[in-house]
Amino acid sequence: MSTTATNSLLLVGRVLLSGMFILSGFQKFGDPAGTAGMITGAGIPAATLLTYLVAVFEVAGGFAILTGFQTRIAAILLALFSAFTALVFHSGAIAIPGFPDAANGLLTMFNQLSMMKNLTIAGGFLALAAVGAGAFSIDARRGSVAIAA
């Protein structure tokens, strides 16, 4: 594969990986109650404060990946965040009292899919951390990383 093709694929990968985090972070600023409720439900204290900290982290990390700024560091942090949220928020069965068993089963299946999605995203970030942002990035312009071959 040519260097241009490799760097183009890295750019597309960065755009796809970053978009979810940027949008999710902004959503948390607009409606923090849902995220705070989920954090509280997991037994983690200071849910409202953590919601805003996570929102800042997601937006900043997403933009770092998008622009290719400090990509390896941002990718490792977002990989750890994705794995953490997979295990803490999406690893258990859903059992809402009063819901039919089939509905709880469906919700559990969606929760398991969210866990697998988060772990898959963590893998994508680890791959990005291994190879760097590529030529179409702030990192490359600053000369702080080798450009993918």
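Let's start with the largest pocket, which has a volume of about 480 Å³. Of the 21 residues that line this pocket, the closest to its centre are K28, E58, F81, T85 and F89. Please keep in mind that we are looking at a predicted model.

How do we find a space like that? Rolling a probe the size of a water molecule over the atoms shows where empty space is left.

Now, which helix gives the most to the lining of the largest pocket? The answer is α4, with five residues. As for the kinds of residue around the largest pocket, 11 are nonpolar, seven are polar and three are charged.

Let's step back and look at the whole protein. How many helices and how many strands does the protein have? You can count six helices and zero strands. Reading along the sequence, you get α-α-α-α-α-α. If you draw a box around the C-alpha atoms along the principal axes, that box is roughly 55 × 30 × 20 Å.

Take α1 and α5. Their axes are 11 Å apart, and the two helices pack at an angle of about 140°. Angles over 145 degrees would count as roughly antiparallel, so α1 and α5 are oblique to each other. Their crossing is left-handed. On the α1 side, the contact is made by L10, R14, L17, M20 and F21, and on the α5 side by K117, I121, G124, F125, L128 and V131. Sorted by type, the residues of this contact are eight nonpolar, one polar and two charged.

From α3, the residues V54, F57, E58, G61, G62, A64 and I65 meet T71, A74, A75, L77, L78 and F81 of α4. This contact has nine nonpolar residues, three polar ones and one charged one.

Methods: Residues are numbered from 1 along each chain as its sequence is written. This is a predicted model: local features need pLDDT of at least 70, side-chain atom pairs count only at pLDDT 80 or more; totals for chains, interfaces and linings use all residues. Side-chain values use heavy atoms; hydrogens and water are left out. On a 1 Å grid over the protein atoms alone, a cavity is a set of points where a 1.4 Å probe fits but cannot get out, and a pocket is an open set with protein on both sides within 12 Å along at least five of seven lines; lining residues have an atom within 4 Å of a point. Grid points are joined across faces, edges and corners, and a volume is the space filled by probe spheres set on the points. Helices (H or I, at least four residues) and strands (E, at least two) are DSSP runs, numbered from the N terminus. Ala, Val, Leu, Ile, Met, Phe, Trp, Tyr, Cys and Pro count as nonpolar, Asp, Glu, Lys and Arg as charged, and the others, Gly among them, as polar. Axes are lines fitted to C-alpha atoms, for helices over the stretch in contact, and angles run from 0 to 180 degrees between N-to-C directions. Angles under 35 degrees count as roughly parallel, over 145 as roughly antiparallel, 65 to 115 as roughly perpendicular and the rest as oblique. A crossing is left-handed if the near helix is turned anticlockwise from the far one by less than a right angle, and right-handed if clockwise. Contact means heavy atoms within 4.5 Å.
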